[in-house]
Structure formats: C-alpha cells, structure tokens
Amino acid sequence: MVVGPPLPPPTMIPPPPPPPPAQDDDDGEDSLAGDNDSSEEDDDEEANRIDANMETPLIGSRRQPRAAAKNQAFRSQLATCYSSIQDTTTTTTTSGRPTEPSTTHRPAVAAEDTTTDDEDDDDDYSLSGSSISSISTAVMTNFRDNLLLPFVSDETSLNKIAAGMASLTLVGIVLGLVMPKQKLDEPGRWYPWYGHVSSVIGYTYFVLWSVCFYPQVLLNARRRSTRGLSNDFAVLNFMGWSFYSAYLASMFLDPSIRQLYTQRFQNESSTVQSNDVAFSIHAMTLSFVYLLQILYYNSGSLKLKIQTWFLVLGMGLPTIVMPILIWTGIWAYERWLDYFYMLSFFKICCTLTKYSKQVLLNWKRKSTSGWNIWYNFLECSGGTLSMLQIVFDSLNMNDLTGITGNVAKFALGLATIFFDAIFFTQHYILYPDETTTTTTTTITTHCNNASA
C-alpha cells in the first residue's frame with residue numbers, strides 16, 4: 001500500500017475589508033453627503049434585517065458571493081413591489097379627498113361574456129328537455145293511479161274522489177272528441193261546433209255513469225259478501241236498466257221507430273245518441289252481475305219484500321203481453337212507440353223504488369257499511385251531464401220537444417241527483433264510518449289544542 005505525503009491544511013480566505021469611513025468635504029457638500037449616507041444606512045439596515053432571516057454564509061466559504069447576489073436580487077424585487085404598491089394607492093389632495101387610482105395598475109376587469117342569447121337559449125332548452133321525460137312520467141303515473149281509484153280504493157275521502165273523477169272526466173273528453181258524431185236530419189242552429197260539444201258531454205257522462213257500477217262489484221268481491229247491499233235494490237236495478245236499454249236501442253237503431261217519432265213530434269229528430277245506448281247496455285250487464293253475486297255469496301238465496309214482488313209482476317206482465325197484442329194485429333203497429341215509452345216510464349219507477357229500498361236499509365242498520373259511495377258520486381255526475389246534454393240538444397234544435405220526447409232521460413237525471421244527495425247525507429253526516437269519525441275527532445282535538 002503506497003502512502004502519499006500528508007495533505008496541507010485548508011487555506012482560510014480572509015474576510016473583505018470594511019468600507020472606508022466617509023470623508024468630510026469643506027466645499028459645502030456636507031449636507032448632500034449626509035443625505036446620501038442616511039439613505040444608504042437605511043438600505044443597509046433593511047438588508048441586514050433581510051439577511052438575518054436567511055441562512056448566514058460561512059466566512060471563507062465559496063457560497064458567500066452567491067448568497068450576496070441572492071440578497072441583492074431579493075432587495076431589487078422588494079423595491080419593485082414597494083413602488084408598484086405606491087402607484088396603486090390613492091393620493092390625497094390638499095382638500096383631503098382621495099383621487100382616482102392610477103390607471104396603469106388598475107385591477108384586471110373580468111372578461112366580457114361572449115355567450116350569445118342563442119347559446120343561452122340552447123342551454124335552457126337542453127335543461128328543460130332533460131326534465132320533460134321525468135315530468136311526463138310523473139304526470140302519467142299520477143293519472144293512472146287516480147284513474148284506478150274507483151276500482152282499487154275503499155277510501156272515500158273527498159280528495160281521493162275528486163282526483164278519480166277528474167281523471168275519468170278527462171277520458172270522457174278525449175272519447176267525445178275522437179268518436180264519430182251522429183248525423184242529424186237537421187243540423188241545428190249551432191252547427192257544426194255544437195256537435196263536438198254534445199259528443200264531449202255525452203261521452204263524459206257515459207264514462208262516469210258506466211264506471212259507477214264497478215266499485216260495488218269489486219267491493220263485494222273483496223269482502224266475499226253482499227251484506228249492506230239491498231236485494232230489492234239489485235233486482236229493481238236490473239229490471240230498470242233492461243227496460244231503458246230496450247227503449248234507447250229502439251229509438252236509435254230502429255228506422256221505423258224513428259220515423260214514428262218524427263211523425264208524432266212534428267218532424268223533430270230524437271235526441272237519443274250512441275253513447276246513451278252503449279251506456280244503458282253496459283249498465284244492464286253490471287246490474288246482472290249484482291244479482292249473480294247475491295246468489296253466489298248467499299248460497300242461491302234471494303229474499304225480496306212483498307212490495308218488490310208486486311212491482312216485478314206489475315211491470316213484467318205488460319212488458320210481455322203488449323208486444324203479443326201488436327204482433328197479432330190486435331193493436332196497431334203505431335203502438336210500438338207507445339210500448340217503448342212505457343218501458344222508459346217503468347225505468348223511472350224502478351229508479352225511484354230501488355233507491356228507496358237502499359235508503360231504508362241504511363236507516364235500519366244505522367250504517368252505510370257495505371255500500372260503496374263511489375257509486376253515488378259517479379252516478380250524480382253522470383246524471384247531471386245527461387240532463388245538460390238533453391237541454392243543450394233541445395236548445396240547438398230551438399225546440400223543447402227534445403225534452404218532452406225523451407222524458408225518461410231527463411227524469412232519470414233528476415231522480416239520481418235527489419237520491420244521491422240522501423246517500424251523501426247518510427254516509428258523511430248521519431252514519432259516518434269509523435275512519436271518518438276518527439279523522440273528525442282528531443282534527444277537532446288538534447284545533448282545540450291550538451286555540452288553547
């Protein structure tokens with residue numbers, strides 16, 4: 001192993017000499033030199049303060065010149081920042097009011113929005129377009145639920161009933177607009193726009209009055225019982241709608257009967273329309289379902305009061321005998337029109353007696369349990385619209401024979417409105433169910449507590 005000579009000790013670099021002291025001049029420059037010295041001393045003090053916060057270089061190290069250069073650069077940056085701050089500050093005038101800041105160092109103004117109105121409209125359209133699908137879905141779901149309320153809900157709150165009837169009314173309006181219109185022999189004084197109005201009213205009452213039969217059928221099926229439904233009501237209801245269906249079908253479908261009507265009422269056309277016929281046949285079918293349910297849930301037993309049997313026989317016999325007399329020639333052919341008018345009056349008799357039986361049963365039981373109040377709401381609405389249609393049809397023809405020639409339809413609407421008012425009184429006032437009573441008591445309690 002070769003060992004070299006020892007290395008010499010590191011050479012120490014001597015510190016720089018202190019600056020020479022300032023010399024006094026006798027030529028009157030003392031004041032100027034004094035001012036320069038004071039400013040230099042201030043700069044040195046500031047630099048010393050800055051140097052104190054930085055890493056102190058080792059004496060004799062090669063990093064000392066680099067540190068001094070950094071200090072000098074930092075001092076120049078500080079001076080630049082200080083001058084810029086002075087330029088941006090407001091100056092004070094002799095009156096003490098600040099002047100406007102320098103325009104050379106004003107804050108940057110926000111970039112002007114170059115978006116055009118068309119682009120904004122496009123953004124709004126895209127935003128609304130993205131929400132249209134969700135809104136339409138919610139509306140259709142709500143409409144579907146309200147439309148099914150009469151079929152699936154046993155709740156009879158007024159809010160639920162109003163929502164369900166509003167949805168059914170909308171369905172009737174759509175049907176009235178799209179279904180074909182009846183061609184009258186005389187168009188009337190409001191032709192052609194009144195044809196659409198009459199069709200809308202007719203199909204709306206058709207929808208409301210037709211749906212009124214389903215809540216009771218479904219209620220009986222859910223309970224597997226017809227307790228609360230009068231047997232006399234069911235029998236008379238079926239007979240009445242059978243008579244009415246025969247009357248309306250003949251007045252609308254049989255040309256010979258329509259001709260007899262025109263001859264009797266001085267060339268005036270019948271106001272019976274297609275929706276009347278469809279509604280009556282549908283009502284007869286559902287009324288027959290009532291009878292089947294009574295027979296099924298009561299083991300084939302159908303008990304009727306003696307008064308009901310007399311009514312059935314009193315209306316049933318003429319219904320069978322009178323056509324035989326006309327067919328055999330004993331009565332003239334023109335009596336067919338009288339025969340169908342007789343059936344329409346039998347329908348009115350059945351309506352008055354069937355509701356009386358159900359009202360009497362509710363009074364005896366002191367309850368409307370087992371009777372679906374949806375029936376009355378829908379029937380009352382349908383009966384009201386039915387009366388409006390026949391009145392407007394008569395005004396359109398400028399002749400009241402539209403009412404006198406179709407008395408059954410007008411009287412049927414009046415009868416249903418009268419008895420429906422009685423059912424409403426029994427259900428909501430005289431014999432409210434437990435839910436209605438509990439709700440009313442709770443609301444009253446909360447109101448009393450709030451007032452206390």
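Residues are numbered from 1 along each chain as its sequence is written. In this predicted model, local features need pLDDT of at least 70, side-chain atom pairs count only at pLDDT 80 or more, totals for chains, interfaces and linings use all residues, and side-chain values use heavy atoms, with hydrogens and water left out.

Confidence comes first. The mean pLDDT (the predictor's confidence in each residue, from 0 to 100) is 75 for the protein. Of its residues, 64% reach 70 or more. Over residues 88–113 the pLDDT is below 50. That stretch has 13 contacts (heavy atoms within 4.5 Å) in the model beyond near neighbours in sequence. Residues 436–452 also have pLDDT below 50, with 1 contact beyond near neighbours in sequence. Where pLDDT is low, the predicted coordinates should not be read in detail.

Helices (H or I, at least four residues) are DSSP runs, numbered from the N terminus. Axes are lines fitted to C-alpha atoms over the stretch in contact, and angles run from 0 to 180 degrees between N-to-C directions. Angles under 35 degrees count as roughly parallel, over 145 as roughly antiparallel, 65 to 115 as roughly perpendicular and the rest as oblique.

The axes of H5 (residues 158–178) and H6 come within 7 Å and cross at roughly 135°. H5 and H6 are therefore oblique to each other. Their crossing is right-handed, meaning that the near helix is turned clockwise from the far one by less than a right angle. On the H5 side, the contact includes Met165, Leu168 and Ile173. H6 contributes residues including Tyr203, Val207 and Val211. By class, this contact has 10 nonpolar, 5 polar and no charged residues. Here Ala, Val, Leu, Ile, Met, Phe, Trp, Tyr, Cys and Pro count as nonpolar, Asp, Glu, Lys and Arg as charged, and the others, Gly among them, as polar.

H8 and H10 pack at about 155°, with axes 8 Å apart. That angle makes H8 roughly antiparallel to H10. The crossing of H8 and H10 is left-handed, with the near helix turned anticlockwise. Their contact divides into 18 nonpolar, 7 polar and 1 charged residues.

H9 and H12 (residues 335–365) pack at about 95°, with axes 9 Å apart. They are therefore roughly perpendicular to each other. Ile257, Leu260, Tyr261 and Arg264 of H9 meet Trp336, Leu337, Asp338, Phe340 and Tyr341 of H12. This contact has 7 nonpolar, no polar and 2 charged residues.

Phe265 is found between H9 (255–264) and H10 (274–297). At 17% relative accessibility, Phe265 counts as buried (under 20% relative accessible area, with a 1.4 Å probe and protein chains only). Phe265 and Thr404 are 139 residues apart in sequence but 9.4 Å apart in space, C-alpha to C-alpha.

H7 (residues 214–223) has buried residues Pro215, Gln216, Val217, Leu219 and Asn220. Their cover includes H4 (149–152), H6 (193–211), H10 and H13 (374–396). Arg224 follows H7 with a positive phi, near 55°. Thr226 is in the loop between H7 and H8 (231–253). Thr226 is buried, with a relative accessible area of 5%. Leaving aside neighbours within four places in sequence, Thr226 contacts Asn220, Gln293, Ile294, Tyr297 and Asn298.

Definitions and conventions:
Helices (H or I, at least four residues) and strands (E, at least two) are DSSP runs, numbered from the N terminus. Buried means under 20% relative accessible area, exposed over 50%, partly exposed in between (1.4 Å probe, protein chains only).
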